[in-house]
Amino acid sequence: MTSKNAVSQTKKDIAAIPLNRSLLIAQQPQAPTKPNSPKDQGLGLSSEEQQKLEQATPYVKAKVNTALARTQQLSNETMKLFNQETGKSRRQAIAKWEEILEIWRQKDIRATIPKYAGFAEAATLHSIGTAYSLLGENQKALEYLNQGLAIQLEPKYRIIKRNILLGIASVYSGFGDKQKAIDYYNQALSVFQAEKQDSSAAGTLSSIAQDYKDLGQAQDAIDSYNKALEIHQRNKELEGQASILQLIGLTYYDSFGNYQKGLVFLKQALEIQRRTKDSLGQAEILGWMASIYNFSGDKQNALASLKEALQLQKTVLAKLPQANLLGQGSVLSSIALTYASLYNFQEALNYLNQARSLRQKIENPGLEAGTLSQIAHVYSLSGEKQKELDSLNEALALNHAIENSAAEAKTLNDIAGTHLSMGEPQQALDSHEQALDIQRRLKLLPEEAKTLKDMALVYSSLGDYKQSLGTSEQALKISERLGDRNTEAITLNDMCNVSRKAQDYQQALKYCNSALKLSQEQKYFSSEQNALVGLVKVYELSKDYPKALDNAKKLEVLASQQNDNFHKGIALFFLSRVYLASGEYQKALNSSKEGLSAWQKVGFRLGEANSLGYLGKIYNSLKQPHQAIETYNQQLALWRKMADKAGEADTLYNLAVTERDRGNLQNALTQIKATITIIEGIRTKVNSEDFRTSYFATVQDYYKFYIDLLMQLHEKDPSKGYDALALHISERSRARSLMELLTEARVNIRKGVDPKLLAEEKRLRWKLDAQEKLLQEKLPQEQPSNKEAQTALIKEIDHLLSQQKELQTQIRISSPKFAGLQYPDPERDILKLPQIQQQLDKDTLLLQYSLGKERSYLWAVTPNSINSYKLPGREAIETSVGKFKELLTKCQKADANCQNLPAEQKAKDFQDIAIAIMVRT
């Protein structure tokens with residue numbers, strides 16, 4: 001099966017990624033062409049050489065016959081070793097092939113049967129090259145294959161030349177030198193066409209198409225696939241037609257982003273598979289169709305396709321002979337994939353463990369390692385991170401034992417990804433470095449570029465943007481060298497995003513524009529979309545709204561070419577966002593409503609919730625608070641259905657702001673209290689690097705608003721103690737900030753805490769994250785079966801939350817200091833006014849500040865009083881502080897004598913500082 005390309009960054013920005021089927025498919029290395037002995041090729045001595053052998057001296061005749069018998073014996077032994085599929089057995093096979101090679105090169109042999117010996121030598125060189133290729137030693141593979149290609153062969157023996165050409169092409173493709181691979185494939189193609197070997201020609205055209213696709217030249221890939229399709233249609237080869245139609249459909253899907261056209265070709269392939277009654281072929285196509293349906297938001301058709309695929313797979317499994325362990329293992333893995341796509345992870349694991357058991361019985365550690373990687377991915381989806389890591393480490397040990405270095409590197413990268421998701425970036429980098437060492441040793445350039453890209457993302461997550469960009473630059477150079485325009489565009493988009501985070505907007509624009517130009521040249525939809533989204537974000541941040549609007553409109557035009565509501569929703573979201581930022585509220589309203597409708601049509605609830613939030617803001621900008629509140633309440637209901645606490649908190653905050661702005665301070669107080677209750681129950685930062693962060697408030701915004709609201713209430717009624725409550729909320733804000741700073745700095749505050757309790761805390765947190773993500777992704781709830789599934793999921797989330805609270809209680813009892821930081825109890829761990837005053841003696845005055853955007857506050861606390869003052873906003877105070885620091889610096893210089901300054905100068909200096917005049921409330 002052709003692997004599906006990575007989901008577009010835009011999709012990552014706005015949604016949990018739908019299940020990617022290719023992640024569950026074991027990537028077992030395939031031989032460029034299967035090694036064969038001369039006898040297996042069906043070619044023996046020519047009559048001329050047979051006659052010459054009969055006429056040879058008894059000594060020579062005996063020597064040649066002994067050599068022929070010995071080579072056949074060795075060939076049988078090598079194939080048994082080769083088919084064990086371990087690195088050790090393949091090296092043993094190579095040693096035997098080397099022995100065969102020496103026999104064919106003996107003078108007496110070459111003198112007696114030169115034509116056959118030349119052919120046999122070339123065939124042996126091809127076998128050795130194939131084995132080295134599978135070991136990942138591509139340079140050695142090329143060395144042997146090129147030796148075989150240089151041997152002059154009789155026409156009847158030229159079959160091996162075609163195999164060698166295909167082998168060399170495959171090695172160059174593995175190197176990442178796709179253009180060179182295409183050149184060799186075309187040489188083989190010419191031979192096949194001249195000899196009217198249609199089946200081989202079609203297969204070669206398919207390989208050429210895949211390399212074009214990898215280069216990002218999707219239209220060239222489609223052209224090559226169509227040529228292969230014509231051959232299969234001319235020869236009425238239904239199996240070949242179905243295979244090529246499937247590949248064409250997937251190319252339209254993952255290269256062009258054209259879901260509708262992709263489905264048209266997949267449906268044609270499915271119809272042929274039904275005519276030929278190929279049940280597994282049907283199930284595979286249905287699985288891909290489900291992936292497309294799910295990705296484009298058509299969850300009902302996705303569900304129907306998966307259920308049909310599951311039934312077909314189970315029927316095949318029931319009919320397989322008990323002795324066919326290899327076939328059973330393959331079908332069991334396919335069934336597991338379907339169950340995982342249906343979010344039934346326990347059943348997926350049951351079938352994968354059965355598949356693993358069978359692969360252990362046939363003693364195929366390579367296949368077992370692949371199955372363990374599949375098991376790890378299912379654990380990842382279900383939130384069992386430690387089990388995911390354990391499975392990957394088992395796969396790593398197997399790959400290391402069989403000396404499959406390329407697979408070992410891939411597994412190390414998978415382990416790195418797991419460490420990153422577990423909040424362990426340094427361990428992620430360590431695993432990536434190990435993978436990189438292997439890839440550089442084996443000269444696996446495409447894989448090296450991918451590892452570097454992944455490392456760059458880790459550095460970005462750590463805030464080391466310079467290191468991230470430098471690492472991406474290394475990856476970019478490899479892609480440029482290989483001519484891989486597709487990966488080049490993706491890397492440039494990554495670099496644009498990192499530069500944007502680093503607030504280097506000019507550099508970000510440079511990278512995004514380069515990515516846009518490349519993706520437009522290659523007609524690569526996803527990269528073009530990502531580049532345009534990146535440009536909109538950068539221009540919006542730099543307040544260049546005309547250019548942001550221009551790119552948002554280009555995004556809308558691009559989306560219209562796809563003719564699907566999902567991409568339409570993305571474009572209209574960004575368009576409404578720019579209109580709102582630039583003050584064109586009516587246009588923002590129209591675009592937002594249209595985008596909301598598009599996402600509702602495909603059932604994309606996360607996009608729907610985001611659009612409702614923006615719509616509420618637009619109504620507020622249009623001074624229509626009633627409509628804003630109604631819209632926010634719709635959004636609130638959606639967040640609660642998805643169990644999205646961060647979204648719920650932000651909507652409650654927006655409701656509080658709206659109520660405050662229309663003078664309903666008590667209603668605003670109710671909403672902001674609910675906001676703070678939620679975010680204090682979320683122990684990680686509410687903000688994440690996803691789509692909604694562009695308008696979500698920060699946690700500190702929530703606290704600042706709460707403080708400001710309480711102080712407004714205090715101003716209206718000083719007797720209610722709102723100022724003391726505001727001081728308490730300021731303390732809670734500081735506790736939250738401290739926790740986030742410690743987390744970001746990765747300070748170890750867990751010293752002395754029971755490791756078992758900490759491990760269980762992590763497990764519950766990861767499990768909760770996975771369950772909440774599933775609730776957002778679940779198939780349409782309108783269907784009764786899914787309503788039941790979602791109800792069960794909500795119950796599971798409630799149960800996990802209950803377990804989490806019980807665990808926090810245990811940690812609080814055993815490690816109160818840690819719990820006070822990690823799970824501060826506002827009533828127990830955060831001081832209120834009476835407790836603060838108890839800490840002060842009669843000669844101590846406590847001053848506490850809270851800086852806000854529009855207004856700041858100061859509380860002056862003594863053992864028996866509290867006074868509060870309203871100050872200017874943060875910017876004015878920071879300006880004054882800056883001037884004060886400047887004056888201090890000037891006076892601290894060795895040659896400065898500020899005491900001798902004229903009185904007028906001193907007065908002016910301090911007048912500049914004292915802008916923030918306190919106003920007694």
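**Reading a helix, a disulfide, a loop and a core**

Guide: Let's begin with helix α20, residues 405-421: its 17 residues reach 25 Å from the first C-alpha to the last, close to the 24 Å expected at 1.5 Å a residue. Helices here (H or I, at least four residues) are DSSP runs, numbered from the N terminus, and the expected span is 1.5 Å times one less than the number of residues. Residues are numbered from 1 along each chain as its sequence is written. This is a predicted model, so local features need pLDDT of at least 70, side-chain atom pairs count only at pLDDT 80 or more, and totals for chains, interfaces and linings use all residues, while side-chain values use heavy atoms, with hydrogens and water left out.

Visitor: Which residues of α20 are buried?

Guide: An α-helix has 3.6 residues a turn, so residues three or four places apart point the same way. Buried means under 20% relative accessible area, exposed over 50%, partly exposed in between (1.4 Å probe, protein chains only). In α20 the buried ones include E408, L412, I415 and H419. Among the elements covering the buried residues are α19 (385-401), α21 (425-442) and α22 (445-461). Just after α20, G423 has a positive phi of about 75°.

Visitor: How many disulfides does a search of the whole structure find?

Guide: A disulfide is a covalent bond between the sulfur atoms of two cysteines; the cut-off here is a pair of cysteine sulfur atoms within 2.5 Å. The search finds one: C496 and C512, with sulfurs 2.0 Å apart. C496 sits in helix α24 (residues 485-501) and C512 in helix α25 (residues 505-522), so the bond ties together parts 16 residues apart in sequence. Its S-S torsion is about -85°, so it is left-handed. C496 has a relative accessible area of 0%, and C512 is at 0% too.

Visitor: Where is L215 found?

Guide: In the loop between α10 (198-214) and α11 (218-234). L215 is buried, at 2% relative accessible area. Contact means heavy atoms within 4.5 Å; leaving out residues up to four places away in sequence, L215 touches K178, L482 and Q522, among others.

Visitor: And which residues have the most contacts inside the largest nonpolar core?

Guide: A nonpolar core is a set of buried Ala, Val, Leu, Ile, Met, Phe, Trp, Tyr and Cys residues joined through side-chain atoms within 4.5 Å. The largest has 122 residues, and W97, W104 and I248 have the most contacts inside it. Helix α6 (residues 114-134) gives the most to this core, 11 residues. A second, separate core has 93 residues, including L469 and A609.

Note on methods:
Helices (H or I, at least four residues) and strands (E, at least two) are DSSP runs, numbered from the N terminus.
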